[in-house]
Amino acid sequence: MLCALNLNGSLWTPQPTPNTVDKIKSIIRMLDDGVSYLYLTPSLMKMIISVAQNQNPDVKWTETRKIGLGSELVSPSIVQRARKILPNAELMSAYGSSEALLIGAAAMFFQPVNQILEAHKLVYKQAKPGVRCLLFDEEGNIVDQNVSKSGVLVYAVDPDHPIRNHPDFVNANPNDRLASFGFLSDGSPRVCTMDWVEMVSENEFTVVGRFDQKIKVNGVYVDLNHLEALVVQHLSHTIADCTFVQTSEKKIVMLYVLQARPTTRTEPSVVIRMTQDLLGLANVSKVPIHNCFQLDEIPMTEIGKRDLKKIKWIAENNDLHQESVVYPRLAPSEAPLFRIAAAISSLGSQLLGIPSLDGRNYSISGAGFDSLSVGRLALAIKEEYDVEISPMMLLSNGLTPLDVAQLVIDLQGNHPLMPPTVDLDQEAARLDDASVTAEGLPPLVFPESPRGIVLTGATGFLGSFLLYELAAKYPAARIYCLVRAASDQAAIDRIFETARKLILNPQQTHYLVNNVKPRLVGVCGDLSLDQWGLTNKRWKKIGKETDMVVHCGAEVHWLDDYEALKGPNVLGTATALRLATTHHLKPLHFISAVGAIPMARGARTPLEERVYSNWNVSGGYAQTKWVSEQLINKARSRGVPATIIRPSLIASDSVYGVCHSDDYIWQYIKGCIRIGIAPSNATPVTITMNPVDHVAKVVAAIAASEAALPKFVFHISDPERSVITETRLFEIVNASGWSVMFETRERFKSLLLTPQLTNDSSMSTLMHLILSMSFLVDNTNTRSIYPALGPQAGRIAGRGLLYLTHIGYLPPPPNPPSPLRPEEHPRPNIFRPDTHN
């Protein structure tokens, strides 16, 4: 039996007409009888599948050999649904229009029997010889496909093609660059399809949607067809069909049809929240959905196309519908989160003049806020809670008063995740050694060319690069490296074993082996021991032969408390101070960390380069750095020359991306990749990171500058280059080939408590650690010594991700943008050092 139905269709009506119902039943009977070929609109195909599966969930039509879909945009989801129910049919879709056919342009998509649709895209091929595929931008300019592969699809033929004399081309408006008919600058006749596409090859493309369906929302273009495809693909367990409409008041309304047996609650308030959550997870730009309505069926015309006029009427007259969104009430509670949420809900309802919203957890973007009123809400929140949240952040997908309350708490949260276990101020006073003083020693002669330099932490991540920079800065100096090892020779071997793993630049490696190794003095010792475990004779000899101390060594364990790290990190610093005052004065350059600055999230100005007396510091590692800074500051008051250098997060090197895989930022990213979700929707968090080779250069420059000593404290962090938002960081993760969806921090915290993720307890700690480091620092002193800026943080993060994939720390990305080039990543050994000394 052969039957071809040429139905040019769109959607469905709230109360289906008998003619439409009869048509669907008739087509189902034909499929049950084994019809060989059908041509349907996608909307009609969706309704046929839904009706048939309602009658029999396991229905399959195995006799049908060919299904044609067309007359409206065909989504990958309908092809996938058709494939499941029509396993033996060849699926095809023709892409064309009467305008395009005028020049013979037509494109086809074929999916052979039993072939699975790849990458959720339909690839159309334009096979007509002499027809070229071009792209226009929104202004009608030709897009260079070496720069971008997306734009409005345009077909063109040669300038001498006879179609140029057709009346549609002769009478075309030359001033309308996006008119259906026109000419290119070389005289070639061209047809503009007004469809937004992505080119796969010179004559193959995927259709994203109608360009006139791209509307501007919150400053960015949004494709309503794309939103529909997302919902149908990802919420198919609940929603059978949907459409999005922009009303004359510029509000976006969602109309939806439920599955016959939905698997979740289906009130409009639940559906709109599910949809907003989906858009946030899929990283879609800030799209407000102002209302949604459940329909029995989407309106369709008699010939099977969506009835756009009726759909628009329903959306415009939403006040006639009872099944619209009712936002849930906030739970009455004195807990800070709910108390702040209730206050923000009330503020918003007053600003909008809608009393019914007061006390409800409404969608800020969907409740009617625009750029002016949301700015007033942001100002009101700042006045009430002294917290700045940008208006655009408040308009993020589905953000509610409860979500904003969590942001307020995060930004106000000036309490440490891991508070001190001892009184750090008393600890610093108790450990201060008054005998560490310049009194009784000759005045300092600044070492322009030091005979010897003491370096701790030479086997650590920063220490390896710092060894190279100091050696290059002082080519005649002997460098005494304190290392935990069985012997002095074993110490040297360990230094170079680590350097070979971390420093991949062959020129630098050659310099270390041939120019540094002969000047290297291995010192077998331990930071936690008295005199670092050295004999009196060795201690005095080193004190006499050296003119500078660079104290980079420390034990780095992000989850250990102060007591566990005190020995190497605090007592080791006290010993470094004694060495700086042994025999003669030697400048001590102490490598601290920005984490030693007391908790300052939400600080409105960059934090100054100075020593802070407040000891509200989070985490044992940062607490040991704070105490060490106090000891150095007290010794400096007694004339001991010293600097405190606070790097921000030390990330990958700027050339090869080599990084310390145990650092908290990479553990955090790895965890989010594993879970598939990051708390990056509407996040106030920023992260500062600098490449390790840049940090080493800055430290060496400070150590070599006499002008650095009176400045004392230095921050290695450029507000212009080092700062990256958490959102941007995970956009780079996605662009690198992993799929990480965005959630709000409140929902991410809830997700970590689910049974499936209870073993990921470290993720909560890492997330709070990221939060605690979200502030900006001033670097005026550093810029005065080393004015050159480091590379952009985004570039450094991308290189680190490539390297960590290369060594197997991160799983291979499912969709890598391009293969790694061998010359970019020499084969290193996998390393996981856990100390810096």
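Predicted model: local features only at pLDDT ≥ 70, side-chain atom pairs only at ≥ 80, totals over all residues.
Before I turn to the chain itself, one convention: two strands are said to pair if DSSP finds at least two bridges between them, and the helices (H or I, at least four residues) and strands (E, at least two) that I name are DSSP runs, numbered from the N terminus. Residues are numbered from 1 along each chain as its sequence is written, and side-chain values use heavy atoms, with hydrogens and water left out.

Let me start with the chain as a whole. Its secondary structure comes to 27 helices and 27 strands, and of its 837 residues 57% are buried, where buried means under 20% relative accessible area, exposed means over 50%, and partly exposed lies in between (1.4 Å probe, protein chains only). If we take contacts, meaning heavy atoms within 4.5 Å, between residues at least 6 apart in sequence, then 75% of them join residues at least 24 apart.

Strand 8 (residues 181-183) runs antiparallel to strand 9 and is joined to it by three bridges, with Phe183 having Pro189 as its bridge partner. These two strands form a hairpin with five residues between them, and there Gly187 takes a positive phi near 90 degrees. Strand 7 (residues 150-156) also pairs with strand 9 in the antiparallel sense, over six bridges, and here Ser150 has Glu198 as its bridge partner.

Strand 14, residues 252-258, is mostly covered, since seven of its seven residues are buried. Which residues point which way from strand 14? Ile252, Met254, Tyr256 and Leu258 point one way, Val253, Leu255 and Val257 point the other way, and all are buried. Strand 14 runs antiparallel to strand 13 (residues 239-246), to which seven bridges join it, and Phe244 stands opposite Met254 there. With strand 15 (residues 291-294) the pairing of strand 14 is in the parallel sense, over four bridges, and Tyr256 stands opposite Gln294.

Turning to a helix, helix 13 spans residues 424-431, and its buried residues are Leu424, Glu427, Ala428 and Leu431. They cover an arc of only 95 degrees around the axis (the arc being that of the directions from the helix axis to the C-beta atoms), which puts them on the same side of helix 13. As background, an α-helix has 3.6 residues a turn, so residues three or four places apart point the same way. On the other side of helix 13, Gln426 and Arg430 are exposed, whereas what covers the buried residues includes helix 18 (562-580) and helix 19 (620-636). At the N-terminal end, Asp423 caps helix 13, with a side-chain oxygen 3.1 Å from the backbone nitrogen of Asp425; the polar contact used here is a pair of N or O atoms within 3.5 Å, where within protein one must be able to donate a hydrogen and the other to accept it, and residues adjacent in sequence count only if both atoms are side-chain atoms.

Next, the aromatic rings. Rings of Phe, Tyr and Trp (its six-membered ring) pair if their centres lie within 6.5 Å, and planes under 30 degrees apart count as stacked, over 60 as edge-to-face and the rest as tilted. The count by this rule comes to ten aromatic pairs. One of them is Tyr468 with Tyr511, which is edge-to-face at 5.7 Å centre to centre, with 80 degrees between the planes. This pair links distant parts of the chain, as Tyr468 is in helix 14 (residues 461-473) and Tyr511 is in helix 16 (residues 506-516), 43 residues apart. Tyr468 counts as buried because its relative accessibility is 17%. Trp532 and Trp539 also form an edge-to-face pair, at 6.2 Å centre to centre and 80 degrees between the planes, and both Trp532 and Trp539 are buried. Elsewhere, ring pairs link Tyr95, Phe109, Tyr124 and Phe205 into a cluster.

Finally, charges over rings, which are counted if NZ of Lys or CZ of Arg is within 6 Å of the ring centre and within 35 degrees of the ring normal. Lys517 lies over the face of Phe496, 5.0 Å from the ring centre, and the charged end of Lys670 sits over the ring of Tyr809, 4.2 Å from its centre.
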